[in-house]
Amino acid sequence: MSEKYDTDVAILGYGPTGVIAGLTLARHGISAMAFERHRDIYPRARAVTVNDWTMRIFQSLGIDEAVGKQIDPQRALRWMKYDGTELLRIEHPPSTLGVKPRFYNIYQPTMEATLRDCAAQYGDRLKVNYGTEVVALEQDAAGVTVSVRDNATGEVRRIRARYALGCDGGSSTTRGLLDVPLLGDTLDVLWIVIDCRVKRWWPDRNLLTFWSDKKRPVVDIALSGGNHRWELPLQPGETEADFDSHDKIWPLLKALGVSEEDVEIHQHAFYRHHTRMAQTWRVGRTFLAGDAAHLMPPWAGAGMQTGMRDAFDIGWKLAGVIQGRLPERFLDTYEAERRPNADFYTQLAVQLGRIIKQELSEEEQAALNAPPPDPANPPEPPLIAPPVLAGGWLRGPLAEHSAVGRMIPQPSVGDNRGAMARLDELLGHSFVLLGDDLDPATLLTAEERAGWDALGARYVAVRPQNRHTQGPDELVDLDEVLGPWMRRYGARAIAVRPDRFVAAVDTHGLAVPA
Ligand SMILES: Cc1cc2nc3c(=O)[nH]c(=O)nc-3n(C[C@H](O)[C@H](O)[C@H](O)COP(=O)(O)OP(=O)(O)OC[C@H]3O[C@@H](n4cnc5c(N)ncnc54)[C@H](O)[C@@H]3O)c2cc1C
């Protein structure tokens, strides 16, 4: 007799990671139930930025327009000394991922509210239980039983799901219930985050500025919706009690040249920086995602985004497994792919923090200031470079010359019915093989074709601008981007995953990766 489940996936915690997990599962037709301890959105504005990778995920979830209305373009990043010396500046070039511009400033509570509103469209497919706390979890070979307590009545219910996702933040109850250690360090220094409402514009307000200094490094950033943020470390001997009112906080802002004419203080909070990761992200049928799995310093602006990318990744993979298109073992690729990426951003954040705190050696500073070997073709700084996977469900080499593991660009394309749209809109949500001016299926053996057919793949020829389409499985590369991109890596055909990363290239065999 087949088992009865209350839902396919139980989402434990409904912050940004939990909502993206819910949206991804619901978008793929999977039922989910979320449990969130609080009734309201956490009011402290933590995350300050999202980039084109995250926006492409929003696009895939059909929510990029709604989110786009309440975020602001970010102009550039700069690292300044108080004497006016500019240590480093990153001007954001146009995005290759089909999102304009490349970086955005956000206001986290507003963004979370929009995400929740967008998720509400799924009705019963994504049931959210607010004011409900996860208190226990048991698992067996067929599913997960989660005990949840209604915080108003004290009533405890047991929910049976095929899988569970622990998206319950840095002090994750799920991680504790699974007995998974959180390895790493927490720095001693306490930071104060001051969020303000802007009263007038000032020069360069829209440059994200890191005031770099050994003693008082400061993050100075415009948030969307007319908010502005300063983050400062407390000095030895200073405590939270020294800044328990706006009157006591104002001297910190005034020392930075900010006055009551510029802003009014809205709220403030204190926090410490963590560099921590859960020892494992999977126990049985339960997965950890977001801050429950990893905590990083804020310097790369990547904590929330990394959680959202985790949620998207495990979401489409769980959907494939639950719908019977992917084998259960595919779920092991979640941690194999996401852990190195979270680690990359954590290390990047640590290094950027060393610039801000002026901890670089003279040699390191000189290397930072050195002109690129090929000034006409400077490499993109890792913070803004298009995403690449460092391992996982891929076939072929992860190398400079290889397209494997890279996210494909997203140009405008046309189809044989005359529609013009961004590539992803016309590709759908499944696996797709793309051929550079050829039908990619013609390069496959019968066995390779059967493998991709079993995954529900499409086969699409990408034609140059000046060609006729010959059928429904053809797209015209209106920006002349995709064909040249494939040729740059010597590829005639590529196999693309639902998350738009290249899984295989004809140069190293187009068979479905093991
Ligand atoms: C000062 C600061 C600046 C930051 N800047 C950035 C930035 O620029 N860019 C960026 O990407 N990230 C940034 N971050 C990090 C970002 O805010 C977090 O990574 C992000 O909020 C994590 O999302 P999450 O959903 O994983 O966890 P959370 O946001 O912590 O959400 C977890 C949810 O689970 C709920 N929950 C917990 N326990 C239970 C339970 N037992 N039962 C039910 N529900 C439960 C909580 O109530 C909460 O709603 C910053 C963080 C800080 C502190």
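Reader: How do the residues of the lining of the largest cavity divide into nonpolar, polar and charged?
Author: That lining has eight nonpolar residues, one polar and nine charged. Here Ala, Val, Leu, Ile, Met, Phe, Trp, Tyr, Cys and Pro count as nonpolar, Asp, Glu, Lys and Arg as charged, and the others, Gly among them, as polar. This is a predicted model, in which local features need pLDDT of at least 70, side-chain atom pairs count only at pLDDT 80 or more, and totals for chains, interfaces and linings use all residues. Residues are numbered from 1 along each chain as its sequence is written, and side-chain values use heavy atoms, without hydrogens and water.

Reader: What is a cavity, and what is a pocket?
Author: On a 1 Å grid over the protein atoms alone, a cavity is a set of points where a 1.4 Å probe fits but cannot get out, whereas a pocket is an open set with protein on both sides within 12 Å along at least five of seven lines; lining residues have an atom within 4 Å of a point.

Reader: What volume does the largest cavity have?
Author: Its volume is about 150 Å³. Among its 18 lining residues, Trp53, Ile57, Phe312, Asp499 and Phe501 are closest to the centre.

Reader: And which residues line the second largest cavity?
Author: They include Asn51, Asp52, Trp53, Phe103 and Tyr345. This lining comprises eight nonpolar residues, one polar and one charged.

Conventions:
Points joined across faces, edges and corners; volume = space filled by probe spheres on them.
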